[in-house]
Amino acid sequence: MAEKISIGGQAVIEGVMMRSPEWLATAVRKPSGEIVYKKTKISSNRGKLTKIPFIRGAVSLFDALVLGIKELTFSANQSEDKEEEQISQKEAVMTTVISLALGIGLFVVLPSLISSFIFNDNRVHSNLLEAVLRLLFFIFYIWIISFSKDVKRVYEYHGAEHKSIYAYENGLELIPENAKKFTTLHPRCGTSFLLIVMLISILVFSCMDFILPVPQNMIQKIVIKVVLRVVMMPIIAGISYEIQRYSSKHLDRCWVKLIAFPGLSLQKITTKEPDLDQLEVAMVAIKVALGEKVENAREII
């Protein structure tokens with residue numbers, strides 16, 4: 001049997017984005033009930049950086065961010081009937097930039113500043129508190145937003161994305177009924193990746209604090225505790241990417257299961273059980289990404 005190509009994706013507004021090595025496809029259900037999709041050819045000449053271990057993670061993350069903005073804009077506009085409520089590409093970029101800045105501020109900068117002020121002269125206690133705060137802020141954030149009706153819908157499509165990928169990986173016919181029986185938890189999920197980033201950042205930042213000199217004033221503290229943490233994020237993303245890539249391929253090993261367990265557990269918050277209609281949308285996206293024809297959806301050029 002031919003080896004399955006790698007398929008990944010993400011939930012968007014009222015839909016799912018799927019990506020294969022050749023095609024990027026986003027399917028959305030409009031308020032009328034119609035499913036629409038758009039597909040984008042992925043360039044085969046993506047550069048040598050995408051093949052270098054520990055560098056390809058940061059490159060892939062940036063690539064996914066750029067493409068994600070475009071697909072989120074498409075899904076947001078297709079999920080609205082009123083033209084005046086549609087958003088532009090510029091508005092989507094600004095929203096993403098602000099969201100990233102807030103995320104770095106909340107999950108990287110704020111825990112570092114709080115811990116350094118409480119335990120100013122004790123690096124061990126400061127790093128332990130920073131680690132605890134970073135994890136608590138992250139988990140609390142994704143949990144609290146799960147109560148939003150709109151976010152819950154996205155989490156349901158997130159579950160549909162995972163179930164559809166499982167159906168494909170198991171060689172089943174790509175219909176909603178086949179995908180329904182699978183779990184919503186997947187080892188290559190972005191939620192798991194973000195948790196790995198959090199855990200790796202704790203280790204890297206702790207080592208950095210013991211190597212670098214003790215800051216003598218407020219300016220030095222901000223530079224060492226904040227600026228360097230932000231600068232190091234691409235490196236941490238690269239390390240995290242390799243860990244997730246390896247663990248997703250070796251889940252038959254007990255110690256790998258232990259590494260993957262926290263991320264899979266966290267997905268119980270970020271994925272919800274989808275209905276058959278949502279699975280139908282995910283199936284359109286995965287079929288288009290695989291280059292297959294679909295009869296139950298209309299292409300948007």
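**Reading packing and helices in a predicted model**

Tutor: Ser201 has a relative accessible area of 2% and is therefore buried; the term means under 20% relative accessible area, with exposed over 50% and partly exposed in between (1.4 Å probe, protein chains only). This is a predicted model, in which local features need pLDDT of at least 70 and side-chain atom pairs count only at pLDDT 80 or more, while totals for chains, interfaces and linings use all residues. Residues are numbered from 1 along each chain as its sequence is written, and side-chain values use heavy atoms, leaving out hydrogens and water.

Student: Where is Ser201 found, and which residues is Ser201 in contact with, leaving aside neighbours within four places in sequence?

Tutor: Ser201 belongs to helix H6 (residues 190-211); helices (H or I, at least four residues) and strands (E, at least two) are DSSP runs, numbered from the N terminus. Contact means heavy atoms within 4.5 Å. Beyond its neighbours within four places, Ser201 is in contact with Arg134 and Ile236.

Student: Is Val28 buried or exposed, and what does Val28 touch?

Tutor: Val28 lies in strand E3 and counts as buried because its relative accessibility is 0%. Not counting residues up to four places away in sequence, Val28 touches residues including Ile13, Glu34, Phe74, Gln78 and Val281.

Student: Which residues of the largest nonpolar core touch the most other members?

Tutor: A nonpolar core is a set of buried Ala, Val, Leu, Ile, Met, Phe, Trp, Tyr and Cys residues joined through side-chain atoms within 4.5 Å. The largest has 28 residues, of which Met18, Ala27, Tyr37, Val284 and Ile286 touch the most other members. Strands E2 (15-19), E3 (23-29) and E4 (35-41), together with helices H4 (149-169) and H9 (276-289), each supply at least two residues of this core. H9 gives the largest share, nine residues. Apart from residues up to four places away, Val284 touches Ala27, Ile35, Tyr37, Val294, Asn296 and Ala297. A second, separate core has twelve residues, among them Ile196, Phe205, Met232 and Ala237.

Student: How many aromatic pairs does the structure hold?

Tutor: A pair of aromatic rings is described by the distance of the centres and the angle of the planes. Rings of Phe, Tyr and Trp (its six-membered ring) pair if their centres lie within 6.5 Å; planes under 30 degrees apart are stacked, over 60 edge-to-face and the rest tilted. The structure holds six such pairs. Phe140 and Trp143 form a tilted one, at 6.0 Å centre to centre and 45° between the planes. These two residues are separated by about one helical turn because they are three residues apart in helix H3 (residues 123-145). Elsewhere, ring pairs link Phe107, Phe138 and Tyr141 into a cluster.
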